[in-house]
Amino acid sequence: MAARLLAVKQVTSNQGGETPGIDGITWQTDEAKMAAVIALGAKHSTYKASPVKRVLIPKGNTGKMRPLAIPTMFDRGMQALYNLALQPIAEVTGDSNSFGFRVGRSAHDAAQALYDSIKSPTAPKLIFDADIKGFFDNISHDWIMANIPLNNHVLNEFLKAGFIHEFSFNETEFGVPQGGIISPTIANMVLDGLERTVSNSLVRAKVMLASRVRVIRYADDFVIVATHQWILDSVVIPAVKKFLAERGLALNVDKTKIVN
């Protein structure tokens, strides 16, 4: 009961609490909120997610647009409820230098971690600046189902709900919706293990001073600091590509680069 109350409070008090999904319903009154708390206690084995409403919003100052998913209030409540269980697991298993969408961490922490890695005169000065191609849209559902510890039926409903755009229904075979409450947690867990993958690749290659190679990540943006280009080219980047491919992902070659 307490978890359901918290879930309803979260979805009604955040910035999008007055924005309805495809059913046009919002929970504005105390009566509606309590009814939602009771409804969230129904059997989850019969839960059926509604398609999300897709809208396009500006992507920074690039002039491009990115899709934003707006689930129904009930689906937001279900995601918030399950996220209460998943988030502590994600925190315990998360990479140490992952800073995006985590409790008590921020972009400032990521910037500080990067600064700490390069501030010394003898510190590594090469940076692999990575960009993942269409991250949220391309994550493998098979990988999520096999690796995210949630009720399989409910998780599958979150992933396969589909979306409505310009009055047309579209199926979702890959990815997680940007705008879903649980999506940032799942997305973080998809990339958790990247630090260990890079570290293990250096150990296997018997690279000296492997500890000076450091991965710093904020959500799906990450950089890897290293001492020599051959370490990046021959060891680190191949390991990163394999790690991403297992999750249905790939680097965006146009935006990924090695810089001093």
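In this predicted model, helix α7 (residues 152–160) buries Val-154, Leu-155, Glu-157, Phe-158 and Leu-159, where buried means under 20% relative accessible area with a 1.4 Å probe, protein chains only. Local features need pLDDT of at least 70 and side-chain atom pairs count only at pLDDT 80 or more, whereas totals for chains, interfaces and linings use all residues. Residues are numbered from 1 along each chain, and side-chain values use heavy atoms, without hydrogens and water.

**Helix α7**
- The cover over the buried residues of α7 includes α3 (73–93), α6 (141–147) and α8 (183–191); helices are DSSP runs (H or I) of at least four residues, and strands (E) of at least two, numbered from the N terminus.
- At the start of α7, a side-chain oxygen of Asn-151 comes within 3.0 Å of the backbone nitrogen of His-153.
- Gly-162, with a positive phi near 80°, follows α7.

**Sheet**
- An open sheet of mixed pairing comprises four strands in the order β2-β1-β4-β5; two strands pair if DSSP finds at least two bridges between them.
- Because β2 (65–70) and β5 (168–170) each have a single partner strand, one side of each lacks a neighbour in the sheet.
- Strand β1 (residues 52–58) runs antiparallel to β2, joined by six bridges, and Lys-53 stands opposite Ile-70 in β2.

Definitions and conventions
Buried < 20%, exposed > 50% of the residue type's maximum accessible area, 1.4 Å probe, protein only. Contact = heavy atoms within 4.5 Å. Polar contact = N/O pair within 3.5 Å; in protein donor to acceptor, adjacent residues only side chain to side chain.
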